[in-house]
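I have opened a new notebook page for a structure I have not looked at before. I want to write down what I look up, in order.

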Amino acid sequence: MRIATWNVNSITARLPRLLAWLESSGTDVLCLQEAKLAEEQFPFEALRELGYEAAVNATGRWNGVAVLSRVGLDDVVKGLPGGPAYEGVEEPRAVSATCGPVRVWSVYVPNGREVDHPHYAYKLQWFEALRAAVATDATGTRPFAVLGDYNVAPTDDDVFDVAAFEGLTHVTPAERAALADLRAAGLADIVPRPLKYDHPYSYWDYRQLAFPKNRGMRIDLVYGNAPFADAVKDAYVDREERKGKGASDHAPVVVDLEV
């Protein structure tokens, strides 16, 4: 079984690449982030033609997540139970579903913006709610994983130059502590292998030639419980999909399971 996560940075802008990648990659379940459209605009029919059902939590031009599956799609939950609102709005940042023998969450963790910004406090509150929401599945016997854009680099090795992030979000002790708390609920970081260079970065800024210079970050993560982690046979970043015209600034992270 092949499961992947990908921040596509707009399904509308990336649809031809998304469909082509699904056809070529052999992916059974894909967790998507930053759909950037309303649910009624989601390309359900184009995906059905490829054999995929879709569970979608999306409301407009910002955020939005989905789970695509060709192995079944049951027990869909939209949103983060008990999650905080930002400026009175519950943003579409989580959706979960059971896909065959595996249950997955697709999450798009708040960015945080700046350390002294209200969005940063919201980010930490969101992590607390996520930990509480997944606690039961994390210690269960069914393979379970939370996949998505976490907007946190777990260690200094997960950024091209930690000095470049001094005083910025994504690398602060509080954010990394939130990740550690999530792992402590019963989840392991499924670290992919890089297909090029030494580090499996998953995101490269569009600016300043970050991708060709490999000035990246590993912020697209797969956190799985023990049955999920035990079933992993391979994991890698599909760096090729970051290349070329019209690419997302994120690459897919792919995990192969024997279940």
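**Ground rules.** I am working with a predicted model, where local features need pLDDT of at least 70, side-chain atom pairs count only at pLDDT 80 or more, and totals for chains, interfaces and linings use all residues. Residues are numbered from 1 along each chain as its sequence is written, and side-chain values use heavy atoms, with hydrogens and water left out.

**Entry 1, the record.** I looked up the UniProt annotation, an unreviewed entry, and found "domain: Endonuclease/exonuclease/phosphatase" over residues 4-250. I note that such annotations may be inferred rather than shown by experiment. Over residues 4-250 I read 24% helix and 24% strand, with the end C-alpha atoms 12 Å apart. Helices (H or I, at least four residues) and strands (E, at least two) are DSSP runs, numbered from the N terminus.

**Entry 2, the sheet.** In what order do the six strands of the open sheet stand? I wrote down β3-β4-β2-β1-β14-β13, with mixed pairing; two strands pair if DSSP finds at least two bridges between them. β3 (53-57) and β13 (232-237) each have a single partner strand, so one side of each has no neighbour in the sheet. The twist averages 10° from one strand to the next (axes are lines fitted to C-alpha atoms, and angles run from 0 to 180 degrees between N-to-C directions). Y236 has V254 in β14 as its bridge partner.

I checked burial next, where buried means under 20% relative accessible area, exposed over 50%, and partly exposed in between (1.4 Å probe, protein chains only). Five of the five residues of β4 (residues 65-69) are buried, so the strand is largely enclosed by the rest of the structure. V65, V67 and S69 point one way and A66 and L68 the other, and all are buried. β4 pairs with β2 (residues 29-33) in the antiparallel sense over five bridges, and Q33 stands opposite V65. Five bridges also join β4 to β3, again antiparallel; there A54 is the bridge partner of L68.

The unreviewed UniProt entry marks Y108, D149 and H250 as "active site". They span 143 residues in sequence, yet no two of their C-alpha atoms are more than 12.7 Å apart, so they gather at one spot. Y108, D149 and H250 are included in the lining of the largest pocket. D149 sits in strand β8 (residues 144-149) and is buried, with a relative accessible area of 1%.

On a 1 Å grid over the protein atoms alone, a cavity is a set of points where a 1.4 Å probe fits but cannot get out, and a pocket is an open set with protein on both sides within 12 Å along at least five of seven lines; lining residues have an atom within 4 Å of a point. A volume is the space filled by probe spheres set on the points, which are joined across faces, edges and corners. The largest pocket has a volume of about 880 Å³. Of its 34 lining residues, N111, H170, Y203, D205 and R207 are the closest to its centre. I also found two cavities of 30 Å³ or more in the whole structure. The largest cavity has a volume of about 60 Å³, and its lining includes Y122 and W126.
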